[in-house]
Amino acid sequence: MAETRFVYADNAATTKISDAVFDAMVPWLKEGYGNPSSIYRKGDEAARAVLKAREQVAAALGAEPREIYFTSGGSEADNWAIKGVAHTFAKKGKKHIITSVFEHHAVLHTCDALRKEGFEITYLPVDDMGLVSVEDVKNAIREDTALVSVMYANNEIGTVQPISEIGALCHERKVLFHTDAVQAVGNLPIDVKAQQIDLLSLSAHKIHGPKGVGALYCRRGILLPNLIDGGGQEGGHRAGTENVAGIVGLGVAITKAMETLPERAARLRALRDRLIDGLLPIERCRLNGDREKRLPGNVNISFEGVEGESLLLTLDAHGICASSGSACTSGSLDPSHVLLAIGLPAEVAHGSLRLSLSDDTSEEDVDYMLSVIPGVIEKLRAMSPLWERIISEK
């Protein structure tokens, strides 16, 4: 086996901030410390930096700058979009929301909170590849439906949803459409106008930007209730002095990602496919999610007879950072709701491994993972009573 090296393969959780983003942020953490709401020069300089970033995010999405609202991240944007639409349309008697069973918890828990307020939530199933059926969306829409929320690409198994078709359907039925695009932005082409997306959530730290900053795209003409009352920031809808350095970082990160998207995506797909092809020959394993309709850097494979926590700890001892098929909630031993939704038994879901690649992932990193993972699986199975039972039942 190759000498131990450090390989970070959990980029779906967060990415390393890029040098370009870091360098762009530093001046706004030091000499550019003015409050954007102040009218003197130092404040005006900060305000201009925020405006530039707003224009950068809008350009990346095919939106208008005034349709971009900065938030603390993707979860806040999801909450604002879904709760905002729900509470607005409840006044018109529309208290029905449609989503899918394998959304991120920022969406699922938001919908659950609304359900406790008296809203009705329809949770659409997915097939064994993790795809939502457009026909199911069509059949679920009712006269009192206020919103459809379907994620652009799944954070665990990488499945890319038929967003354009769902957007067209919602537009035809005059129902608002929101998508959690936290994993998709910077990794897939997006045009909110062409795809008829009404609201979209994104986060900087998934695209080599800083943590603690994200954005909500809200189509012009949709009026959401204020998220935070106070000053006049974000069009008066989200009060609080802007995180100028973080917002600048988001603007640079999303611009860099979209400028180089075709080349980056092609490189990541090649690395992803080599990793998949190198792991699938392992006995009793399966690829989770659609082979083609998936994020460029996502690999999610289940290994029967292996326990996820042991797998992660053993890989960490070899210098590999990854994630498993257990719920992302810290300390949870529950199997992933995403993997259960595509039909995996709980014991198989527990033995799943997600390797998510990024611009920093090299050919050597993939070589190293392929040299380590098969041996780790073999070692863990040799110690597993579950594996003995699986083999004996062949």
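Q: What share of the protein's 394 residues counts as buried?
A: Keep in mind that this is a predicted model. A residue counts as buried when its relative accessible area is under 20%. Going by that cut-off, the buried share of the 394 residues is 55%.

Q: How many helices and strands make up the secondary structure of the protein?
A: Both kinds of element turn up here. The tally for the protein is 13 helices and 13 strands.

Q: What is the radius of gyration, and how does it sit against the globule rule?
A: For 394 residues the globule rule gives 21 Å, and the protein comes out close to that, so it is as compact as a globular protein of that length. Along the principal axes, the C-alpha trace spans about 70 × 55 × 35 Å. The radius of gyration itself is 22 Å.

Q: Is His-208 buried or exposed?
A: His-208 sits in the loop between strand S7 (199-203) and strand S8 (214-218). Its phi is near 65 degrees, a positive value in a residue other than glycine. The relative accessibility of His-208 is 9%, and the cut-off is under 20%, so His-208 counts as buried.

Q: Which accessibility class does Arg-284 fall into?
A: You'll find Arg-284 in the loop between helix H8 (261-279) and strand S9 (285-287). Arg-284 isn't a glycine, yet it has a positive phi of about 50 degrees. Its relative accessibility is 32%, between the 20% and 50% cut-offs, so Arg-284 counts as partly exposed.

Conventions: Residues are numbered from 1 along each chain as its sequence is written. This is a predicted model: local features need pLDDT of at least 70, side-chain atom pairs count only at pLDDT 80 or more; totals for chains, interfaces and linings use all residues. Side-chain values use heavy atoms; hydrogens and water are left out. Helices (H or I, at least four residues) and strands (E, at least two) are DSSP runs, numbered from the N terminus. The radius of gyration is taken over C-alpha atoms; the globule rule is 2.2 Å times the number of residues to the power 0.38. Buried means under 20% relative accessible area, exposed over 50%, partly exposed in between (1.4 Å probe, protein chains only).
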